[in-house]
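This report describes selected features of one protein structure. Please view the sequence and the model together while reading.

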Amino acid sequence: MEFPVKTGEPGSQKTACAILPIFEGHRLKGPTHEVDISCGGTLSQLVKTGSASARPGRTLLVPNLQGAATDRVLLVGCGKETKFNAKALRQAISAAANALSLTGIKEATSYLAYAPIKDLDEYYAARTTVEATHSALYRFEELKSKSSGKIKLSRLPIAINDSQKAKDARLGVTHGRAISTGMRLARDLANRPANICTPSHLAEEARTIAKRYKNIHTKVLAEHDMKRLGMGAMLSVTHGAEEPARLIVLEYKGTGADVAPIAICGKGVTFDTGGISLKPPPKMDEMKFDMCGAATVMGTMEVLGILQPTINVVAVVPACENMPGSRATRPGDIVKTMSGQTVEILNTDAEGRLILCDALTYAARYKPRYLIDVATLTGACVVAVGHIYTGLFSNNEDLASDILAAGKRSLDPAWQLPVDEEYGASLRSNFADFANSGVRDGGASIAAQFLSRFVEDTPWAHLDIAGIAWKSSRDKGATGRPVPLLTDFLLNL
Ligand code: BES
Ligand code: MN
Ligand code: ZN
């Protein structure tokens with residue numbers, strides 16, 4: 001999809017459809033006012049009669065507009081003008097894209113970010129426009145026998161008032177398109193069911209990414225390699241599964257080999273039954289999303305391939321299934337991790353930390369500047385921050401604040417939670433160095449505390465995305481988060 005940046009008088013620009021904001025109040029302003037004048041007041045009439053509303057998310061398509069340079073107009077409710085900010089812009093764009101997807105219109109010009117927006121520069125305004133459009137138009141239909149049709153939108157010019165800022169906006173479009181491509185990959189991988197999206201499938205997809213970019217290389221380790229490396233924790237999780245596990249490594253080289261890389265690890269449990277500590281039936285299908293950390297990391301690598309920033313990044317994805325069965329790990333079993341520390345597995349459903357601890361030890365061998373893991377790790381994190389924020393845990397305040405800032409800028413926010421050593425108290429074990437699960441209260445911090453024992457002094461951050469990586473109910477499906485946060489962080493290094 002194309003997003004050319006346009007400057008110039010809104011009333012005179014030819015377009016199949018002008019997307020115009022309606023703000024609260026009696027008089028139309030800015031581009032909406034100018035188009036209203038050229039068509040003899042049709043738009044203000046629609047507002048007066050209540051057909052068009054300023055209520056956020058409301059849209060009204062006005063066909064056959066007489067007198068204006070535009071054939072049609074899509075009026076979009078934008079609320080109070082003084083409150084119109086980044087989030088409101090995103091909501092307005094989504095509403096517009098949804099409305100357009102039902103019409104089959106091929107081209108439409110957005111004037112939603114024409115006037116300067118509070119606390120939002122042209123770069124982010126354009127980037128938000130692109131990301132929100134792609135997100136709204138995303139469908140997962142590869143496994144339906146018939147496509148649902150419509151959605152012809154292929155060109156969305158972005159009109160801005162300040163021609164001096166066109167260059168910034170164009171960079172926003174470039175980044176927005178790349179991030180959207182990464183998010184689409186992440187969503188596709190995560191939406192695929194576990195009988196298709198297996199560890200080997202993730203490995204194949206990683207190879208496909210590496211094939212597209214000359215400075216991305218991939219390495220896929222099999223179970224015998226993991227055995228050689230001493231990854232007893234990772235292997236204990238895959239033990240009950242017939243499906244072979246994989247450890248996928250993707251290396252992006254954007255600068256000199258002497259520059260320390262950023263390491264990103266993504267939990268890739270392609271299905272989490274809980275193992276012998278079997279989960280209850282309700283919503284168990286959603287445990288196909290337990291590889292959203294892996295999907296995020298792979299989507300982020302795709303973005304790096306497209307944008308080619310001058311950094312080095314290594315992605316490590318431990319991928320396996322967590323299944324019950326006669327060969328499955330039992331509660332009470334003790335394993336030796338790659339770090340040498342031993343773990344008593346009290347709950348086989350606390351498997352994410354078991355595959356991640358070995359992946360973190362593996363990633364630390366790259367001597368990374370930062371080590372960041374992304375995982376659908378705990379239900380407790382969902383209880384703590386719901387479906388809005390990523391839970392952020394870190395042993396380094398500078399790293400944490402950079403990640404929080406990236407989350408704010410990209411509208412993909414994170415909220416910092418504690419990892420103090422005291423949270424590890426209930427991991428005490430009489431039989432091994434420590435256990436993989438403790439008390440229920442503070443469970444997200446306990447999991448993070450477990451992981452922190454495998455990163456030593458490396459500046460490390462853990463993103464618990466259990467609440468934000470996918471949606472349930474009618475909108476069930478992967479969100480592509482936190483690809484925007486992670487890429488924003490990496491692009492700002
Ligand atoms: N993948 C789950 C976490 C999860 C659960 C994410 C529900 C999203 C929705 C993870 O492997 C898990 O089962 N965690 C346990 C840990 C517990 C046994 C210490 C949990 O959160 O209940
Ligand atoms: Mn689990
Ligand atoms: Zn899990």
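## A pair of strands

Strand β12 (residues 333–336) is joined by four bridges to strand β13 (residues 342–345), and the two run antiparallel. Strands are DSSP runs of E with at least two residues, helices are runs of H or I with at least four, and both are numbered from the N terminus; two strands pair if DSSP finds at least two bridges between them. This is a predicted model, in which local features need pLDDT of at least 70 and side-chain atom pairs count only at pLDDT 80 or more, while totals for chains, interfaces and linings use all residues. Residues are numbered from 1 along each chain as its sequence is written, and side-chain values use heavy atoms, without hydrogens and water.

Val335 stands opposite Val343 in β13. β12 and β13 form a hairpin with five residues between them, and Gly340 in the turn has a positive phi of about 100 degrees.

## The second largest cavity

A cavity is a set of points on a 1 Å grid over the protein atoms alone where a 1.4 Å probe fits but cannot get out; lining residues have an atom within 4 Å of a point. A volume is the space filled by probe spheres set on the points, which are joined across faces, edges and corners.

The second largest cavity has a volume of about 50 Å³. Among the residues that line this cavity are Ala186, Arg187, Cys292 and Thr296. Helices α5 (166–191) and α9 (292–307) each give two or more residues to the lining.

Definitions and conventions
Chains are lettered from A and ligands numbered from 1 in the order in which they are written. On a 1 Å grid over the protein atoms alone, a cavity is a set of points where a 1.4 Å probe fits but cannot get out, and a pocket is an open set with protein on both sides within 12 Å along at least five of seven lines; lining residues have an atom within 4 Å of a point. Buried means under 20% relative accessible area, exposed over 50%, partly exposed in between (1.4 Å probe, protein chains only).
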